[in-house]
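Subject: Handing over a structure, with notes

Dear colleague,

Please find below the structure that I am handing over to you. My notes on it follow, and I would be glad if you read them with the model open beside you.

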Amino acid sequence: MKRRQFIQSTAGAGVTLAASLFPFAARAASLRVVVVGGGMAGAAVAKFIRLWSKGEISVVLIERDASYVSNILSNEVVTGKRPSIDSLAYSYTALTTKYGVQRIQGTVTGIDDINKAVTYETPAGSNAVLTYDRLVLAPGLDFDLMPGMTSASQYDTTVPHAWKAGAQTTLLRNQLLAMPDWQNVVITVPLAPYRCPPGPYERACVIADWLRTRKPNSKVVMLDANPEIQAQKTNFQNAFNGAYGYRVDYRFGCTVNQLQLVAGAHNVTYTRNGITESVAAAVLNPIPPQRAPGLLARSGLLNGKFAPVNLLTYESTLKAGIHVIGDACISGMPKAGHIGNQEAKTCANAIVNALKGNLYALEETSPVLNSACFTPLTSTRATWLSAVYQYTNGVMVPSTENGVTQPRAATSATTGNYEDMQKWFTTLMGDTFA
């Protein structure tokens with residue numbers, strides 16, 4: 001049985017299985033998995049380890065925040081399509097009450113891979129130690145400073161990247177509302193890889209679409225460090241060139257040299273084709289270079305900026321018994337929420353198999369992961385991009401099954417795609433958190 005068939009069969013039986021095991025917490029579980037990070041990957045792996053082990057593996061989820069705020073669709077908050085960031089908040093109630101995941105609010109500060117223990121700090125400032133049989137790290141990303149910045153706090157107060165949905169998303173929205181007409185919104189894009197969604201080209205489009213009716217004499221200037229658009233090139237080129245009633249001043253191959261930050265009158269100096277130029281910004285949205293958090297670096301889990309893993313299990317290739325999923329790992333696939341959910345299921349299956357045996361889970365040798373992402377280009381129209389990845393010789397590559405070219409993209413933005421995006425989002429978030 002292929003893993004995708006296994007996932008489909010267990011998903012179909014999920015409600016019955018969960019009901020037969022309720023309450024999970026009543027079952028004795030001598031084996032413990034600790035999950036660090038409660039985003040798309042962390043929440044999903046916690047849920048499916050409990051589900052697929054039939055409640056016989058204890059799962060402790062350590063997450064700093066009280067709830068998860070979705071990065072997916074957060075650009076709708078930036079443009080006012082959604083009334084507030086609260087509409088994208090997801091609690092951990094179902095994970096704890098329905099599946100018996102133990103929830104700890106705290107920040108992991110250290111990993112002892114020899115004694116299989118993590119140290120974490122509680123919101124009150126006290127420290128505690130928790131042992132594990134397996135450790136899953138799903139910590140998301142950290143963001144580097146842009147040239148000319150002196151503190152990461154400037155992202156929270158002056159130039160929000162809003163690449164982690166929350167207060168910065170609201171700040172960027174408020175800055176757009178306050179900016180005068182005839183001014184620039186400048187967006188910088190780092191070299192790939194970076195988290196998506198939200199997507200930088202998507203953000204440029206939806207802001208430009210918003211400016212079209214609210215501040216029609218303003219424009220979006222996009223300074224992309226990459227040599228070309230990184231995804232859906234034709235769709236975004238058409239959008240930038242006026243297909244939907246707005247234009248984006250897109251400049252590729254731009255290396256940002258300096259940000260001069262003055263509220264309402266920022267200046268960005270950059271080099272392109274050996275020529276140094278500058279552009280003024282009433283609103284500056286610098287999307288910074290991204291990397292795995294410092295915890296992983298201190299724990300010896302990184303090769304460069306991200307963590308190498310065995311893609312059959314997502315176990316670190318540098319430290320046994322520790323798995324890394326989501327944005328922080330090297331997978332060869334997009335750093336996207338849907339991919340995080342898929343990686344979590346591969347990892348959960350592998351951990352259950354390792355700890356309980358293949359009566360509970362499959363020993364998978366050729367996992368297939370599906371990725372889907374919808375991209376709004378206006379307040380009512382969206383495109384989509386999908387791909388199927390097949391494990392081949394140690395890497396994940398676009399599948400060639402049935403002769404279908406991967407990845408596949410919509411040919412244009414439509415209102416039907418926008419409606420499908422909302423359905424896809426609801427389904428994905430339910431699969432992860434409900």
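A pocket, as the word is used here, is found on a 1 Å grid over the protein atoms alone and is an open set of points with protein on both sides within 12 Å along at least five of seven lines, whereas a cavity is a set of points where a 1.4 Å probe fits but cannot get out; lining residues have an atom within 4 Å of a point. Grid points are joined across faces, edges and corners, and a volume is the space filled by probe spheres set on the points.

This is a predicted model, in which local features need pLDDT of at least 70 and side-chain atom pairs count only at pLDDT 80 or more, while totals for chains, interfaces and linings use all residues. Residues are numbered from 1 along each chain as its sequence is written, and side-chain values use heavy atoms, with hydrogens and water left out.

Counting Ala, Val, Leu, Ile, Met, Phe, Trp, Tyr, Cys and Pro as nonpolar, Asp, Glu, Lys and Arg as charged, and the others, Gly among them, as polar, one finds 18 nonpolar, 6 polar and 2 charged residues in the lining of the second largest pocket.

The largest pocket has a volume of about 1,200 Å³. Its lining holds 50 residues, and R64, P139, G140, L141 and K164 lie nearest its centre; by class, the lining of the largest pocket divides into 23 nonpolar, 17 polar and 10 charged residues.

Cavities

There are 2 cavities of 30 Å³ or more. The largest cavity has a volume of about 50 Å³, and its lining consists of N71, I72, L73, P197, P198, E202, C373, F374, P376, M421 and W424. Both β23 (368-376) and α12 (415-433) supply at least two residues of that lining, with the largest share, 3 residues, coming from β23. The lining of the largest cavity has 9 nonpolar residues, 1 polar and 1 charged.

The second largest cavity also holds about 50 Å³ of space. Among the residues that line the second largest cavity are G326, D327, C329 and K335, and helix α11 (residues 337-356) gives the most to this lining, with 3 residues. The lining of the second largest cavity comprises 5 nonpolar, 3 polar and 3 charged residues.

Aromatic pairs

Rings of Phe, Tyr and Trp (its six-membered ring) pair if their centres lie within 6.5 Å, and planes under 30 degrees apart count as stacked, over 60 as edge-to-face and the rest as tilted. The structure holds 11 aromatic pairs. The ring centres of Y68 and F433 are 5.4 Å apart and the planes stand at 15°, so this pair is stacked. The pair links distant parts of the chain, since Y68 is in strand β3 (residues 68-69) and F433 in helix α12, 365 residues apart. Y68 and F433 are both buried, where buried means under 20% relative accessible area, exposed over 50% and partly exposed in between (1.4 Å probe, protein chains only).

The pair of F374 and W424 is tilted, with 5.5 Å from centre to centre and 45° between the planes. It too links distant parts of the chain, with F374 in strand β23 and W424 in helix α12, 50 residues apart. F374 counts as buried at 14% relative accessibility, and W424 counts as buried at 14%.

A buried methionine

M222 lies in strand β12 (residues 219-224) and is buried, with a relative accessible area of 0%. The C-alpha atom of M222 is separated by 5.9 Å from that of V186, although the two are 36 residues apart along the chain.

With kind regards

Technical notes:
Helices (H or I, at least four residues) and strands (E, at least two) are DSSP runs, numbered from the N terminus.
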